[in-house]
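Subject: Structure handover

Hello,

Here is the structure I promised to pass on. Please open it first, then read my notes below.

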Amino acid sequence: MFRSILFIFAFSQIIHAQELTNTKIETALHNFYTKKHTTLHIHINKSIYINDETIWFSIYTFEKENSKINLDNKNIVVQLADATNNILSKSLLYSNNGQANGNFILNPKIKSDTYYIKAFIPSKLEPTTIFTKAVKIINPSFTPISKNIIENDTKLDVQILPEGGYLISDVTNSCGMKILNTDGKGIQINNLILEDEKGTILEHNLATNTLGMGKFSFLPRENTSYFLRSKSMNFKQKLPDIHTHGIALKLEQNFKTGELQIELNTNKKSLATYGNQNITITIHKESLAHSYTTKFDKDYSKLVLNIPSQKLFPGTNTITVFDTNFKPIVERLFFNFESIKENSSFISETSKTRDTITYAIINKVDNTTIKTQTSISVLPFTTIANTNRDHLFASVYLQPFLNGAIENPSYYFQKNNNQKRFELDLLLLNQGWSKYKWNTIFNHEKTPEIEQNKGLTISGYVVPLDKDKEQGVKNVLLYSKANKSIKMVNLNDNTFHIENLVLETGSEFEFSAIDNSGSPIKANFFFTVKPSATVLDQTIETNTANPFSNSNFTNTITEKLEGEVLDEVLIQSNKLKFKKFTRGRFGVKVDSTFYSYRTIEQYFQLHEGLKLIFHEGTVYELPGYYWTYPDGSKASFYVNGKRAYYRNGLLKISMENILELYHGGHDFFGQRNSHLIFTNGKELETPEHLKTSKVFKIKKGFTFLKEKYKPRYINYESDSYQKLAAITWEPSVKTNTNGFNKISLVNPGKHDLLFYIEGYTETGAPFSTITPYKNANSN
């Protein structure tokens with residue numbers, strides 16, 4: 001006999017009778033997952049490249065628990081590696097609003113092979129947030145080593161996984177089966193036989209699908225062994241041992257309504273153990289959980305619980321059944337499609353100017369226009385350059401919850417139907433137990449601290465050159481030349497720690513030490529930069545299947561600086577470059593012998609006796625302090641041909657930035673001429689805090705995308721163009737509230753197109769479409 005527990009909102013007395021909330025489990029999960037985890041996805045412009053092309057990509061960050069875009073800024077390491085984990089290229093990227101963009105310029109000498117783009121968020125421990133994308137690179141001048149292909153290779157990996165985790169005697173058990181070849185890819189096999197140790201056939205027509213997975217049910221007996229056998233592939237695989245005590249789990253999903261039916265079966269021996277004990281059924285996803293408590297009565301060996309889709313979480317869920325002591329008995333993964341909305345894009349031509357065509361893009365979710373931020377790759381409709389094995393939905397809703405790689409994850413999310421949903425359930429059935437470690441969770445051990453990866457961190461100490469001022473250094477000031485940003489931090493025993501710096505590789509920054517009076521002093525700086533260069537070289541195991549396997553075609557940085565670093569002024573000759581613009585004025589070329597004056601202000605004070613003297617205002621000038629000659633006349637200045645008004649003494653151009661200097665003197669009528677100053681373009685007045693600063697260069701900082709994709713094709717009718725071209729790549733396309741934007745293509749040809757669009761919506765949900773465009777002029 002069996003007992004059915006029908007969970008329907010209308011019957012509140014049944015809900016109350018089953019005590020549908022268990023605070024111990026839910027509280028343990030909530031406390032354990034205090035730190036939210038991030039998942040990554042890489043969108044590339046295509047997946048097959050010629051050796052002299054560039055790989056373009058966008059990386060998106062999503063929250064694992066709620067499957068929404070993670071807008072927090074993060075450091076992301078991205079590598080291009082070969083099949084043996086040799087790193088060919090690497091970059092540190094900085095995600096902004098959930099997205100980071102980059103590229104890898106391929107070495108023309110690279111060999112034809114499969115390579116992997118690996119992205120991860122660096123942490124103190126081994127990275128746990130990893131995404132791997134396979135790409136094929138073809139070098140026409142490279143002759144690959146021929147490989148012997150063995151037909152009907154019988155070296156198969158045959159796995160049989162009981163639903164819930166183990167087999168129990170004398171009740172019907174459900175099992176998943178997975179059969180992989182030597183490349184780790186599933187193979188389809190028909191006429192599989194299930195038999196016992198005596199050769200008695202229980203089933204003779206079992207089969208796996210094209211991805212190598214299937215399922216079957218049978219009733220095992222105690223002290224009996226069972227085997228799965230194939231005549232055509234010549235293997236015989238023993239099933240797991242049979243347990244005499246326990247609970248068998250079976251899930252059934254209504255793919256139309258999304259309702260989940262949970263069936264628990266036990267045998268007579270186990271009823272003595274579970275008959276009067278509470279059984280807790282928990283459905284959970286990270287810290288989110290719903291629990292339902294029931295028990296086997298002594299006369300019932302089966303329990304059935306029906307859960308409506310509204311009580312399930314989006315994407316991958318885990319069901320765990322606990323005994324009265326909260327020990328997990330059985331566990332199973334399943335997928336909830338009901339809250340995942342259908343995405344669509346509509347493309348239309350809006351205008352044509354010479355060789356440029358502009359297309360309108362409208363993005364929709366459940367046929368309603370919506371605002372999105374996406375990256376877009378446009379390829380010819382006849383392309384073979386995009387295998388499209390990965391899918392954004394799989395990266396967000398599925399892969400983070402599974403062990404190992406998924407073969408062709410996009411299969412389950414393109415043209416989704418009940419058959420695809422059934423086969424996705426086969427995938428999850430054949431996963432076995434989830435990643436959850438319940439002993440750790442119940443002991444309230446927190447998840448490992450997630451390092452705050454937001455920019456670079458510079459830590460170090462200051463040594464004043466004047467030993468008498470060692471106790472008087474109060475602050476360190478960092479000035480970034482690239483983005484003109486300034487950060488001031490307090491010193492603690494002459495040490496400093498500056499976080500969240502966004503500095504590009506090769507960019508310069510300046511350090512200044514500030515004393516208690518607020519004045520800059522000369523000092524040496526010793527520091528490290530994290531993430532260090534070694535983080536870019538971390539070896540990341542390849543966690544994705546190779547989709548092309550059967551195709552033919554030091555720990556820290558320490559930077560020390562003992563002397564001042566000066567911008568170089570290149571002197572090519574003694575000839576005055578700007579003499580022809582000066583109307584015969586006497587000029588000099590400024591070299592290092594002038595640097596002792598530090599600024600042009602000091603030069604004019606000491607060389608020509610200029611002083612700041614107050615002058616009353618006139619019709620043309622405001623009152624104030626002006627640079628004045630000893631005879632009382634005002635001095636005037638032109639910098640690079642433009643009049644410079646240095647009222648109130650603002651004449652602090654560094655002598656290091658001056659190339660040529662022409663003295664005023666007197667004209668024919670005895671009037672003072674203006675001074676002409678020609679600089680190297682760095683004539684911005686040096687801030688007070690930089691007078692004693694030191695310049696450093698970031699050796700391993702962030703890489704920012706500065707160039708745009710440019711098509712390199714000449715013949716738009718060629719076979720190579722139609723098969724391998726990437727017409728355009730737009731890494732950041734935002735649609736308005738009506739879901740609308742435009743994209744322009746240069747020389748797209750007269751053929752049909754494919755638009756690969758990935759990103760996220762204004763609600764934070766992932767967005768992914770592949771949209772064909774029919775060209776009216778195509779053949």
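A residue counts as buried when its relative accessible area is under 20%, and as exposed when that area is over 50%; anything in between is partly exposed. By that rule Lys133, at 9% relative accessibility, is buried. Please keep in mind that this is a predicted model.

First, the overall picture. The protein chain has 779 residues, and 52% of them count as buried. Its secondary structure comes to 8 helices and 49 strands. The chain exposes about 38300 Å², with carbon and sulfur atoms supplying 49% of that area.

Next, the charged pairs. The count comes to 15 salt bridges. One of them joins Asp390 and Lys133, with the closest N and O atoms 3.3 Å apart. Asp390 sits in the loop between strand E29 (372-380) and helix H4 (392-398), while Lys133 belongs to strand E9 (residues 130-138), so this pair ties together parts that are 257 residues apart in sequence. Asp390 has a relative accessible area of 15%, so this residue is buried.

A second salt bridge links the side chains of Glu222 and Lys269, at 3.0 Å from N to O. Glu222 is in the loop between strand E15 (213-218) and strand E16 (226-230), and Lys269 is in helix H3 (residues 268-274), so the two tie together parts 47 residues apart in sequence. Glu222 is partly exposed at 30% relative accessible area. Lys269 is partly exposed as well, at 41%.

Glu338 and Arg421 form another salt bridge, their closest N and O atoms being 3.1 Å apart. Here the loop between strand E25 (328-336) and strand E26 (343-353) holds Glu338, and helix H5 (residues 418-429) holds Arg421, so parts 83 residues apart in sequence are tied together. Glu338 is partly exposed at 29%, whereas Arg421 is buried at 15%.

Now the aromatic rings. There are 24 aromatic pairs by the rule used. In one of them, Tyr94 and Phe702 have ring centres 5.1 Å apart and planes at 65°, so the pair is edge-to-face. Both residues are buried. Tyr359 and Phe755 also make an edge-to-face pair, with 5.9 Å between centres and 70° between planes. Tyr359 and Phe755 are buried too. Ring pairs also link Phe496, Phe509, Phe511, Phe525, Phe527 and Phe696 into a cluster.

Two polar residues deserve a look. Asn363 is in strand E27 (residues 356-365). Asn363 is buried, with a relative accessible area of 0%. Its side chain makes a polar contact with the side chain of Thr372, at 2.9 Å. Beyond its sequence neighbours within four places, Asn363 is in contact with residues including Ser344, Thr735, Ile757 and Phe767.

Glu65 lies in the loop between strand E4 (54-63) and strand E5 (74-81). Glu65 is buried at 13% relative accessible area. Its side chain makes a polar contact with the side chain of Lys36, at 3.2 Å. Leaving aside neighbours within four places in sequence, Glu65 also touches Lys285, Glu286, Ser287 and Leu288, among others.

Last, the surface. Leu612, Phe614 and Tyr625 make a nonpolar patch of about 290 Å². Leu612 is in strand E39 (residues 611-615) and is partly exposed at 37%.

Best wishes

Technical notes:
Residues numbered from 1 in each chain as written. Predicted model: local features only at pLDDT ≥ 70, side-chain atom pairs only at ≥ 80, totals over all residues. Heavy atoms only, no water. Patch = residues over 30% accessible without salt bridge, like charges linked within 9 Å, V, L, I, M, F, W, Y side chains within 5 Å. Areas by Shrake-Rupley, 256 points an atom, 1.4 Å probe, with all protein chains shown as cover. Salt bridge = Lys/Arg side-chain N within 4 Å of Asp/Glu carboxyl O. Helix = DSSP H or I, 4+ residues; strand = E, 2+ residues; numbered from the N terminus. Buried < 20%, exposed > 50% of the residue type's maximum accessible area, 1.4 Å probe, protein only. Polar contact = N/O pair within 3.5 Å; in protein donor to acceptor, adjacent residues only side chain to side chain. Contact = heavy atoms within 4.5 Å. Phe/Tyr/Trp six-rings, centres within 6.5 Å; stacked < 30°, edge-to-face > 60°.
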